[in-house]
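Work through the exercises below with the sequence and the model open. Try each task before reading its solution.

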Amino acid sequence: LDANSVARAYRSAKSRLILLDYGGTILANDNLDQLQRFQFVKKSRPPSVPTEGLISTLKELCSDHRNIVFVVSGKERHSLTKTLCHIPNLGLAAEHGMFVSWPTPKVGGKRRWETLVADQDRSWRSIATMIMEVYTSRTHGSYIEETEMKVLWQYRDADPEFGYLQSRELEDHLSNVLRGFSVDILHGGVEEGGYVEVRPKGVNKGVVSMHIIKNMEKIFNKGKLEFALVIGDDHCDEPMLSVMRQVGRRASEARIAKKGGQPLAPLPATIAQVDVSSCDEYISSNLKCFTSTVGKKPTAAANYVNDVEDVHELLESLVKVTTRETVHSGFYSVVDLKTMDDTPTSPVPEAVKYNAQTSWQRSLSMCQLHTPDISTEPTDAKVSNNLDEFFGLMEEDGEDEDNFF
């Protein structure tokens, strides 16, 4: 990911959206170590928490009125609220977007949440759990993980071959039994964490991304989206990366069609095709969209960064762009220094035409810089008749400088 390109697009945009995954993107991943993951699920070990530096960076980004910043995570509501509720104007999406809490200036306490899909019959949870318990009892190293929204059967710590066979059988079993319920059954292979998941239908990070875009103008009174930065790290983030990359592509196609340029190359096969045309009226034709994954791997994202530290550096660079704009907005350009008088707070006078032969007066501070007397007639330059005379003039100038210092 070219950080300079991101910064340039960020600087010029008036309406910005930043979507960030949580674990593995802005925070160290609790899933990398199998023992830590098991302890975390069984609540015998606390999860990783954001550093003070990250909290400060997020606060700075959220304080810019042109930004809408969301952390979109697979974690439960209480986990996100506990670690991020004290950042004003930060939006939260929990459990892959099932629960959304819009940015608010209030910090601490309880946040207001809304559900992405209507509350439905949850009797499927007990059925799914009962079936998973059967497979857990005969698959050593597997266990069940439950959240508010979903139920997972984890087999990442089981024998890879036997665990995979059991997971395929469990997937078929659940599909047959839960056919009459409005649920999705997802299967992640060993490379993706080794799990079988049951969740309400129509819930993923791609859907919540479109939901946020469609509500930007209504909730935040912002114009059409001109900049988007989306970063994730694993298969759960792929729907979000796919959707946002296609949203950015439609904006690019609109610009090309207006200019009559060559059509874009087809999207890679790693992108799941989704109809994002419903977002067209909420995005600007000048939209610059940057999608990135953490680590180099097959992905729907157009770019990648190496690790979590690179993500932090990128976010910090965006903060510096905003800070630099704020600082320079109250100061004059360097080219205006020669028009300033002795008073630091004095207004800049009208521009003065300078003669190239006019010399500068030495000053000990920048506040003493002043316009030389233009009415003074410039001294005529002396022309040397030969090299000896020329070098003699140079020696005289050197003596003048020695006398000054």
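**Exercise 1. At what angle do helix α7 and helix α8 pack, and how far apart are their axes?**

Before the solution, two notes on the model. It is predicted, and residues are numbered from 1 along each chain as its sequence is written. Local features need pLDDT of at least 70, side-chain atom pairs count only at pLDDT 80 or more, totals for chains, interfaces and linings use all residues, and side-chain values use heavy atoms, with hydrogens and water left out.

Step 1. Locate the helices. Helix α7 covers residues 205–220 and helix α8 covers residues 238–259. Helices (H or I, at least four residues) and strands (E, at least two) are DSSP runs, numbered from the N terminus.

Step 2. Read the geometry. The angle is about 45 degrees, and the axes are 6 Å apart. Axes are lines fitted to C-alpha atoms, for helices over the stretch in contact; angles run from 0 to 180 degrees between N-to-C directions.

Step 3. Classify the angle. That value makes α7 oblique to α8. The cut-offs: under 35 degrees is roughly parallel, over 145 roughly antiparallel, 65 to 115 roughly perpendicular, and the rest oblique.

Step 4. α7 crosses α8 in the right-handed sense. Right-handed means that the near helix is turned clockwise from the far one by less than a right angle; anticlockwise is left-handed.

Step 5. List the contact residues. α7 supplies K205, G206, S209, M210 and I213, while α8 supplies P239, M240, V243, M244 and V247. Contact means heavy atoms within 4.5 Å.

Step 6. Sort them by class. Seven are nonpolar, two polar and one charged. Ala, Val, Leu, Ile, Met, Phe, Trp, Tyr, Cys and Pro count as nonpolar; Asp, Glu, Lys and Arg as charged; the others, Gly among them, as polar.

**Exercise 2. In what order do the strands of the four-strand open sheet stand?**

Step 1. Write the order. It is β6-β7-β9-β8, with antiparallel pairing. Two strands pair if DSSP finds at least two bridges between them.

Step 2. Find the edges. β6 and β8 (183–188) each have a single partner strand, so one side of each lacks a neighbour in the sheet.

Step 3. Check the pairs.
- β6 (residues 143–146) and β7 share four bridges, and a hairpin of four residues joins them. E145 stands opposite L152 of β7.
- β7 and β9 (residues 195–200) also pair over four bridges. Here L152 faces E197 of β9.
- β8 and β9 are joined by six bridges. H187 has V196 of β9 as its bridge partner.

Step 4. Look at the faces of β7 (residues 151–154). V151 and W153 lie on one side, L152 and Q154 on the other, and all are buried. Buried means under 20% relative accessible area, exposed over 50%, partly exposed in between (1.4 Å probe, protein chains only).

**Exercise 3. Which strands does helix α5 lie across?**

Step 1. Helix α5 (residues 124–138) lies across β6, β7, β8 and β9, at about 10 degrees to β7.

Step 2. Helix α6 (residues 160–177) touches β7, β8 and β9, and its direction makes about 170 degrees with that of β8.

Step 3. Compare the two helices. α5 and α6 pack at about 155 degrees, with axes 11 Å apart. They are therefore roughly antiparallel. The crossing is right-handed.

Step 4. Read the contact. I127, A128, I131, M132, Y135 and R138 of α5 meet α6 residues, including F162, L170 and V177. The contact has nine nonpolar, two polar and two charged residues.

**Exercise 4. Which strands stand at the edges of the eight-strand sheet?**

Step 1. Write the order. It is β5-β4-β3-β2-β1-β10-β11-β12, an open sheet with mixed pairing.

Step 2. Name the edges. β5 (114–115) and β12 (303–305) each have a single partner strand, so one side of each has no neighbour in the sheet.

Step 3. Check two parallel pairs. Five bridges join β1 (residues 16–20) to β10 (residues 225–232), with I18 partnered by L229. Four bridges join β2 to β3, where V69 stands opposite L90.

Step 4. Judge the burial of β3. Five of its five residues are buried, so β3 is largely enclosed by the rest of the structure. L90, L92 and A94 point one way; G91 and A93 point the other.
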